[in-house]
Amino acid sequence: MAKRFSPEKYVEGILAGDRVMLSRAITLVESRLTSDQELAQEVVNRVLPHAGNSVRIGITGVPGVGKSTFIEAFGNYLIKEQGKKLAVLAIDPTSQRSGGSILGDKTRMDSLSINPQAFIRPSPAGKSLGGVSRSTRESIILCEAAGFDAIFVETVGVGQSETAVHAMVDFFLLLMLAGAGDELQGIKRGIMEMADAIVITKADGENIGKAKAARAEYQSALHLYPLGASNWSPKVSTCSALQHSGLDTIWQTIADYLELTQANGFFKKKRHDQNLQWMYEAIRQGLEDNFYAHEQVKQQMPVIAAEVKEGKKSAFAAATELLKLV
């Protein structure tokens with residue numbers, strides 16, 4: 001078992017930018033042990049006044065779009081050209097057999113992982129809906145308190161995780177491939193409506209023409225969507241992570257978005273709404289955990305589940321019966 005420190009020790013280390021202590025604090029918030037959770041929440045509450053000063057960027061895209069390659073190139077650009085300190089929270093899908101993390105993003109970002117101005121934390125998604133770690137929100141706060149002023153949250157792919165990540169970041173970046181075909185159109189609509197910017201990746205070599213055509217196509221499609229509450233019109237651009245082209249345009253787009261939304265008040269309102277949303281999510285998760293931890297529920301669950309499985313009792317009647325035990 002990893003060594004535990006006092007709340008003061010964790011807070012002191014985090015505020016000093018100690019990466020080892022930051023990593024240990026994130027391990028605490030990821031733990032399911034009650035004692036760890038109590039300690040983690042005390043640490044998070046103590047550093048909260050020092051958080052909130054970063055730009056939080058969600059990054060998603062279909063498998064094969066090159067998220068890790070893009071994040072490494074864009075991250076190095078922000079550090080070198082914009083003077084940012086960057087934290088990357090990469091949520092790895094979890095094996096349902098072993099419980100282990102599958103991708104291991106840190107191993108796929110060689111140069112960024114050794115950059116002293118970067119901090120990469122792969123976190124297993126566990127059983128969280130859609131592959132978003134339940135501790136990601138608290139990890140963002142800890143990283144901000146440690147002095148990182150740009151936070152990337154990378155999702156595992158296109159799915160329910162995007163909705164959860166969208167609710168914890170300031171800017172949502174969607175990476176797309178040129179010529180991917182029409183098989184993904186069903187999920188593109190919902191994702192595109194959440195995106196603040198779309199980037200066509202791998203715009204190099206023989207693919208440049210296709211990438212430019214895709215950019216024009218997506219930009220035309222976005223004009224059909226009404227402006228959201230932010231009054232921001234999403235932008236589409238191309239980039240090549242291998243050639244490091246288009247990265248400055250992407251950052252300028254993010255800067256323009258921040259300038260607009262901070263001026264019209266949307267940025268602050270969104271942060272406030274997100275805080276409330278995650279409080280409600282924490283309540284829901286806490287109720288669920290307490291339900292399954294209840295002794296009578298643990299005793300009766302196998303019996304009632306067997307009756308449902310054999311068709312002797314409806315799922316709704318069984319659920320009502322179990323809920324009455326708590």
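Residues are numbered from 1 along each chain as its sequence is written. Because the model is predicted, local features need pLDDT of at least 70 and side-chain atom pairs count only at pLDDT 80 or more, whereas totals for chains, interfaces and linings use all residues; side-chain values use heavy atoms, with hydrogens and water left out.

Helices (DSSP runs of H or I, at least four residues) and strands (runs of E, at least two) are numbered from the N terminus. Helix 3, which covers residues 34-47, has 14 residues and reaches 20 Å from its first C-alpha to its last, close to the 20 Å expected at 1.5 Å a residue, where the expected span is 1.5 Å times one less than the number of residues. In helix 3, Asp 36, Leu 39, Ala 40, Val 43, Val 44 and Val 47 are buried. Seen down the axis of helix 3, these buried residues fall within an arc of 135°, so they line one face of the helix, the arc being that of the directions from the helix axis to the C-beta atoms. An α-helix has 3.6 residues a turn, so residues three or four places apart point the same way. Thr 34, Glu 38 and Asn 45, on the other side of helix 3, are exposed. The buried residues of helix 3 are covered by elements including helix 1 (7-15), helix 2 (19-30) and helix 6 (136-145), with contact meaning heavy atoms within 4.5 Å.

Pockets were located on a 1 Å grid over the protein atoms alone, a pocket being an open set of points where a 1.4 Å probe fits, with protein on both sides within 12 Å along at least five of seven lines, and lining residues having an atom within 4 Å of a point. The second largest pocket holds about 450 Å³ of space, a volume being the space filled by probe spheres set on the points, which are joined across faces, edges and corners. Its lining has 24 residues, of which Glu 193, Met 194, Asp 196, Gly 228 and Ser 230 lie nearest the centre of the pocket. Helix 8 (185-194) and helix 11 (266-293) are the elements that give two or more residues to this lining, and helix 11 supplies the largest share, five residues.

Residues up to four places away in sequence not being counted, Asp 204 touches Ser 240, Leu 242 and Gln 243. Asp 204 and Ala 241, 37 residues apart in sequence, are 9.0 Å apart in space, C-alpha to C-alpha.

Two residues other than glycine have a positive phi: for Asn 231 the value is about 65°, and for His 244 it is near 60°. Asn 231 lies in the loop between helix 9 and strand 7 (235-238) and is partly exposed, with a relative accessible area of 47%. His 244 belongs to the loop between strand 7 and helix 10 (247-264) and, at 53%, is exposed.

Finally, Ser 111 in helix 5 (residues 110-113) is partly exposed, with a relative accessible area of 35%.

Key:
Buried < 20%, exposed > 50% of the residue type's maximum accessible area, 1.4 Å probe, protein only.
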